Amino acid sequence: MTDWLQAVALETELALLRPLHADDADALVSAASDGRLWELWYTQVPDADSVASYVAEALREQQLGRALPFVVVERASGQVVGTTRYCHADAANRRLEIGYTWYASRCQRTALNTQCKLALLQQAFEVLGCVAVEFRTHWHNHQSRAAIARLGAKQDGVLRNHRLEPDGARRDTVVFSILDSEWPSVRKSLLHRLARHVER
């Protein structure tokens, strides 16, 4: 099961999710510059000083079979506008997490974002055969918590003092998930949201 997460590109009408490469570092910093996302204290978005280690760690996790990091390319412009990742992959139990997700400010809460989530979930449930897909976020990241709930994920609980931050602060992590039995309804809801967006 070590090759469960094979590198793959996922395409939607608005975006291409392709595997992350080491030479994507500058493009990621450019995307994060739209909104200066590295200044958000409750999430981890790289800046010019940290992007090399950020990318290296993602690729190391991929090599170990625990992750599959993507860059998100906006098809209309050809620009990298963010990143997302399958992570904490557990092939034996057919579970993984969709995390490390962030987008340039102009792409947040747009159809591009929704299409990417739909593509990632479809791959996870319909190709990889996942029985559950998790989402985790910082307790104080209210925007992310609301976005995960809008997907149709249900909150499993809160991991108190889950992680020590570099400055010594203790992070509480909110855990959500979508089960394979819930996927048909979640898929229908996402498609409905996208159709309404197109109609507008």
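1. Starting with the core: the largest nonpolar core has 39 residues, and those touching the most other members are Tyr86, Leu96, Leu121, Val133 and Phe135. A nonpolar core here is a set of buried Ala, Val, Leu, Ile, Met, Phe, Trp, Tyr and Cys residues joined through side-chain atoms within 4.5 Å. Buried is under 20% relative accessible area, exposed is over 50%, and partly exposed is in between (1.4 Å probe, protein chains only). Helix H3 is the biggest giver to this core, with nine residues. Helices (H or I, at least four residues) and strands (E, at least two) are DSSP runs, numbered from the N terminus.

2. A word on the model before going further. It is predicted, so to speak of local features pLDDT must be at least 70, and side-chain atom pairs count only at pLDDT 80 or more, while totals for chains, interfaces and linings use all residues. Residues are numbered from 1 along each chain as its sequence is written, and side-chain values use heavy atoms, with hydrogens and water left out.

3. What does Leu121 touch, leaving aside residues up to four places away in sequence? The list is Ile98, Glu126, Val133, Phe135, Ile178, Trp183, Val186 and Leu190, with contact meaning heavy atoms within 4.5 Å. Apart from all this there is a second, separate core of 16 residues, with Leu20, Val29, Ala31 and Val55 among them.

4. Now the sheet. It is open, has eight strands in the order E1-E2-E3-E4-E5-E6-E8-E7, and its pairing is mixed; two strands pair if DSSP finds at least two bridges between them. E1 (10-11) and E7 (154-164) are the edge strands, each with a single partner strand, so one side of each has no neighbour in the sheet.

5. Strand E6 (residues 132-138) deserves a look: six of its seven residues are buried, so the rest of the structure largely encloses it. With E5 (residues 95-103) it pairs in the parallel sense over three bridges, and Arg95 stands opposite Ala132 there. With E8 (residues 170-179), E6 runs antiparallel, joined by seven bridges; Ala132 stands opposite Leu179 in E8.

6. Is E3 buried or exposed? Seven of its seven residues are buried. Leu68, Phe70, Val72 and Glu74 cover one side and Pro69, Val71 and Val73 the other. E2 pairs with E3 in the antiparallel sense over five bridges, where Arg18 stands opposite Val71. On to E4: Val71 stands opposite Thr83 in that strand. E3 (residues 68-74) and E4 (residues 80-90) are antiparallel too, with six bridges, and Val73 has Val80 as its bridge partner. Helix H2 (residues 51-63) packs on the sheet, touching E3, E4 and E5, and its direction makes about 125° with that of E3. Axes are lines fitted to C-alpha atoms, for helices over the stretch in contact, and angles run from 0 to 180 degrees between N-to-C directions. The E3 and E4 hairpin has five residues between the strands, and Gly78 takes a positive phi near 75° in it.

7. Two non-glycine residues have phi values worth a check. Tyr100 has a positive phi near 50°; Tyr100 sits in strand E5 and is partly exposed at 33% relative accessible area. Asn161 has a positive phi of about 50° as well; Asn161 is in strand E7 and counts as partly exposed at 47%. Most residues other than glycine have a negative phi.

8. Finally, the aromatics: a search of the whole structure finds two pairs. Rings of Phe, Tyr and Trp (its six-membered ring) pair if their centres lie within 6.5 Å; planes under 30 degrees apart count as stacked, over 60 as edge-to-face and the rest as tilted. Phe70 and Tyr86 are edge-to-face, 5.7 Å centre to centre with 80° between the planes. Phe70 is in E3 and Tyr86 in E4, 16 residues apart, and both are buried. Phe125 and Trp183 have centres 5.4 Å apart and planes at 25°, so this pair is stacked. Phe125 belongs to H3 and Trp183 to helix H5 (residues 183-199), 58 residues apart; Phe125 and Trp183 are both buried.
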